[in-house]
Amino acid sequence: MPEETRTQFYTVMEHDVSDYLALRGEFGYTKLDIQGGYSPSFPNLSFPVIGGDHPGNPWGVPVVGRFRVFGDGLGAPGSGRVLNTADHETFRYVLAGSGSMGFSNWTYDASYTRSRNDLNTTAGDQSLSRLNLALAGFGGRSCDVLNGTAGVGDCLYYNPFANALSASPGDAQYNTPDVLAYVDSVNPTDYRSELNVWDLIFTGDLFDLPAGTVGMAVGYQRREEKRKQDNSDDANAKDLVFLIGDFDSNASRDVDAYFAEVLVPVFDNDVGSLEAQLAVRYEDYTSGFDSTDPKFGLLFQRGEWLALRGTWGTSFRAPTLFQQNVSDTSLNQTSDAITGGGATFLGWTASPNPELQPEDATTYNIGFTISPLDNLTISVDYYNTEYEDRIVQESGQDLIQAENDALAGAGCVLADIQAPTADPACVALLNSQVIRDPVLGVPLRINVNRFN
């Protein structure tokens with residue numbers, strides 16, 4: 001359970017200037033600092049081949065390594081844990097004015113809302129390229145990789161074997177502080193998201209009908225969204241052993257929305273009352289799409305014992321700035337039949353898709369409420385929603401399973417996709433989205449797409 005320190009402040013200020021103007025201000029602030037101790041390091045799923053000449057290799061022949069780069073060492077249990085942090089800071093304030101317009105019961109409400117969230121995180125991992133160099137004896141920040149000699153002078157070995165724990169400074173198996181710092185990556189990431197919203201709404205009466213007064217609301221809204229993500233250099237290079245990494249991103253968009261709603265009393269007599277609701281909203285995004293969505297509703301009531309209702313309308317949900325502009329890697333349990341079928345955790349990296357379009361939906365519902373007795377009320381509603389262009393993300397397991405099926409159908413086995421025994425016909429069946437080690441054939445990660 002990570003330690004948390006939370007600070008919050010919130011205040012509201014209101015002042016009635018006159019019947020025509022009431023002022024309101026809000027301010028909120030939250031600071032949340034989280035610190036948690038986690039495993040000394042993530043598992044290394046790149047399966048490096050460690051040479052037989054590595055000074056820590058007790059077998060003297062090349063072996064495939066599957067290990068955590070940093071273990072708990074010889075200290076007390078848990079002493080080697082990595083402390084990762086997540087520091088949030090959120091501001092939100094509102095300035096608003098409302099009041100009567102002085103005619104036909106019309107009122108207005110105007111407001112400006114600004115919010116901002118800053119998040120700084122650390123997620124300790126290791127550099128894959130520097131780890132592989134150090135496993136080959138070219139670790140250390142002073143090592144000349146081009147002209148140096150493995151394990152000589154400033155060029156150091158990183159030793160993943162247990163004999164590193166009992167080695168002393170000067171031993172070939174000893175991991176110096178320099179080589180440990182060389183392969184490590186603190187991996188700080190800074191996020192900032194901002195939202196500015198302007199709202200202007202007018203409500204009031206239009207005219208009278210025999211059944212009552214027709215009411216109306218009209219309004220305008222503008223939203224300005226910004227999102228920025230600044231990753232570490234190792235993450236930018238997608239050079240992290242377990243987390244892989246993502247590119248920096250900086251995206252923004254503006255949205256203009258116009259909306260209106262009318263409430264019409266159709267009749268009110270001995271049979272009962274019928275009320276109709278008509279509404280429409282139009283939104284225009286600077287990122288290249290817009291949508292007009294109507295809604296129509298009816299409500300029939302007979303006294304206090306019966307109500308019948310129904311609505312029909314359309315709606316949409318725009319893709320987020322994150323979905324359109326940011327890569328994201330998640331770790332998922334994945335099975336690969338050709339390498340034995342055992343489950344392992346692989347990184348699934350979802351690519352940004354700036355061409356994503358909004359999801360659309362058509363929805364209707366019908367229902368009733370009936371109160372046949374004083375202490376009995378029965379309410380039943382039926383909802384139906386039909387979606388189009390839903391935003392989805394591919395499953396890495398489905399991709400690797402389809403690849404497995406194609407290989408099995410062609411009679412290919414593991415040796416047929418491993419260098420140097422690879423069969424070109426079998427290699428041609430491999431899915432380019434499934435990244436495999438060319439020598440071992442094991443999957444390293446999977447690239448998945450977002451699409452409508």
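Mentor: We need a term first: a nonpolar core is a set of buried Ala, Val, Leu, Ile, Met, Phe, Trp, Tyr and Cys residues joined through side-chain atoms within 4.5 Å. Buried means under 20% relative accessible area, exposed means over 50%, and partly exposed lies in between, with a 1.4 Å probe and protein chains only. Please note also that this is a predicted model, where local features need pLDDT of at least 70 and side-chain atom pairs count only at pLDDT 80 or more, while totals for chains, interfaces and linings use all residues. Residues are numbered from 1 along each chain as its sequence is written, and side-chain values use heavy atoms, with hydrogens and water left out.

Trainee: How many residues does the largest nonpolar core have?
Mentor: The largest nonpolar core has 15 residues. Those with the most contacts inside it are I50, V69, L131, A134, L135, Y158 and V183. The elements that give two or more residues to this core are α1 (128-135) and α3 (177-183). Helices (H or I, at least four residues) and strands (E, at least two) are DSSP runs, numbered from the N terminus.

Trainee: What does A134 touch?
Mentor: Leaving aside residues up to four places away in sequence, A134 touches G139, L156, Y157, Y158, V179, Y182 and V183. Contact here means heavy atoms within 4.5 Å.

Trainee: Which residues of α1 are buried?
Mentor: In α1, the buried residues are R130, L131, A134 and L135. They cover an arc of only 135° around the axis, which puts them on the same side of α1. The arc is that of the directions from the helix axis to the C-beta atoms. An α-helix has 3.6 residues a turn, so residues three or four places apart point the same way.

Trainee: And what do those buried residues of α1 pack against?
Mentor: They pack against β3 (49-50), α3, β8 (184-185) and α4 (233-236). After α1 comes G137, whose phi is positive, near 95°.

Trainee: Let us change topic. How many disulfides are there?
Mentor: The count comes to two disulfides, where a disulfide is a pair of cysteine sulfur atoms within 2.5 Å. One joins C143 to C155, with an S to S distance of 2.1 Å. Both C143 and C155 are buried. The other joins C412 to C426, with an S to S distance of 2.0 Å.

Trainee: Is each one right-handed or left-handed?
Mentor: For C143 and C155 the torsion about the S-S bond is about 85°, so that disulfide is right-handed. For C412 and C426 the torsion is about -90°, so that disulfide is left-handed.

Trainee: Where do C412 and C426 sit?
Mentor: C412 is in the loop between α6 (396-409) and α7 (424-427), while C426 is in helix α7, 14 residues apart. C412 counts as buried at 8% relative accessibility, and C426 counts as buried at 5%.

Trainee: What about the backbone? Which peptide bond is cis?
Mentor: The bond from A419 to P420 is cis, with omega near 10°. P420 lies in the loop between α6 and α7. Most residues other than glycine have a negative phi, and most peptide bonds are trans.

Trainee: Where is N187, and what is its phi?
Mentor: N187 is in the loop between β8 and β9 (188-209), and its phi is near 60°, a positive value in a residue other than glycine. At 7% relative accessibility, N187 counts as buried. D389 also has a positive phi, near 55°, and lies in the loop between β18 (376-388) and β19 (392-393). At 41% relative accessibility, D389 counts as partly exposed.

Trainee: Finally, the sheet: what is the order of its strands?
Mentor: The open sheet of 12 strands has the order β1-β2-β5-β6-β9-β10-β11-β12-β13-β14-β17-β18, with antiparallel pairing. Two strands pair if DSSP finds at least two bridges between them. The edge strands are β1 (3-18) and β18, each of which pairs on one side only.

Trainee: How many bridges join β10 to β11?
Mentor: There are 15 bridges between β10 (residues 212-230) and β11 (residues 249-268), which run antiparallel.
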